[in-house]
Amino acid sequence: MRVALFLTCVNDTLYPDTGRAVVKLLTRLGVEVDFPMAQTCCGQAHYNTGYRHEAEPLARHFAGVFGGYEAIVTPSGSCGAMVRELYPRMGERARAEGRGKSLAATLAPVVPKTYELTEFLVDVLGVTDVGAYYPHTVTYHPTCHGLRGLGLGDRPRRLLEAVRGLELVELPGAQECCGFGGTFALKNPDVSAAMGADKVRNAESTGAGVLCAADNSCLMHIGGTMARLRSGMRPVHIAEILASTEEEPLA
């Protein structure tokens with residue numbers, strides 16, 4: 001199977017190791033992974049800040065870059081939700097404004113074949129045991145877009161439970177937002193910081209050494225809060241845990 005890695009802006013700029021982990025993991029599972037060099041922002045930041053029309057050229061570009069692949073895999077629930085949930089809405093809004101069906105027709109082919117990493121592993125490849133080894137105690141934070149937007153459900157947990165050496169402990173208040181929310185953290189910094197502190201305190205109460213999530217934007221916020229609170233925990237993306245083996249530990 002030939003898939004495209006949609007790395008996203010945050011990962012490309014700040015967390016390239018997550019992208020490398022995805023490639024290592026999928027290659028180990030027999031998947032051919034391409035990284036289209038022409039990929040850019042999917043438009044989520046623009047759309048969520050109210051610049052819907054400015055996001056449309058980015059969405060068209062995304063469709064042109066990724067349209068020829070069997071599947072598009074991203075290690076980001078938020079950007080995956082942008083394509084799956086909001087691209088159809090963008091097309092419909094353009095049609096309702098009298099601008100025709102061109103945008104909807106352009107975006108439609110990429111919507112159903114865009115997958116967040118854990119749903120691609122479980123739903124498309126049909127695996128939960130990916131051969132990973134990670135001898136640490138881990139607690140899992142389900143990010144908002146993955147939980148409420150994509151409906152990832154227990155897929156990440158099932159993958160983590162199959163990792164050799166990993167002890168998974170329940171996170172109190174797991175379904176509560178960490179406080180990042182993209183530009184929400186910039187517009188409402190005090191509320192965002194308080195929500196982040198609550199999340200970190202809940203994570204610390206588990207006794208785990210690692211907080212895992214499927215979205216680095218949330219892990220960036222949580223990790224910053226951990227640093228300010230001088231927590232002994234560290235944030236790790238689920239891709240890096242799943243790519244880790246006894247022979248080649250990654251995280």
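In the predicted model, Arg-228 lies in helix H12, which spans residues 216–228. The side of the chain at Arg-228 is open to solvent by the accessibility criterion: because its relative accessibility is 55%, and exposed means over 50%, Arg-228 counts as exposed. Arg-228 and Ala-197 are 31 residues apart along the chain, and their C-alpha atoms are separated by 9.3 Å.

His-141 has a relative accessible area of 1%; since buried means under 20%, His-141 is classed as buried. When neighbours within four places in sequence are left aside, the residues in contact with His-141 are Leu-171, Ala-174, Glu-176, Cys-178, Lys-199, Leu-211, Cys-212, Ala-213 and Ile-222. This set includes two cysteines, Cys-178 and Cys-212, as well as the charged residues Glu-176 and Lys-199.

At the level of the whole chain, the protein contains 13 helices and 8 strands. The division into domains assigns residues 2–124 to domain 1 and residues 137–243 to domain 2. The contact between the two domains takes 28 residues from domain 1 and 21 residues from domain 2. The C-alpha centres of domain 1 and domain 2 lie 23 Å apart.

The overall dimensions were then considered. For 251 residues, a compact globule would have a radius of gyration near 18 Å, and the protein has 18 Å, so the value agrees with that expectation. Along the principal axes, the C-alpha atoms fill a box of roughly 55 × 45 × 30 Å. Of the 251 residues, 49% count as buried. Among contacts between residues at least 6 apart in sequence, 79% join residues at least 24 apart.

The surface and the charges complete the description. The protein exposes about 11,000 Å², of which carbon and sulfur atoms supply 52%. There are 24 positive and 27 negative side chains, and the centres of these two sets lie 6 Å apart.

Note on methods. Residues numbered from 1 in each chain as written. Predicted model: local features only at pLDDT ≥ 70, side-chain atom pairs only at ≥ 80, totals over all residues. Heavy atoms only, no water. Helix = DSSP H or I, 4+ residues; strand = E, 2+ residues; numbered from the N terminus. Rg over C-alpha atoms; globule rule 2.2 N^0.38 Å. Buried < 20%, exposed > 50% of the residue type's maximum accessible area, 1.4 Å probe, protein only. Contact = heavy atoms within 4.5 Å. Areas by Shrake-Rupley, 256 points an atom, 1.4 Å probe, with all protein chains shown as cover. Lys, Arg positive; Asp, Glu negative; His and termini not counted. Charge placed at Lys NZ, Arg CZ, Asp CG, Glu CD. Domains from an automatic or database assignment.
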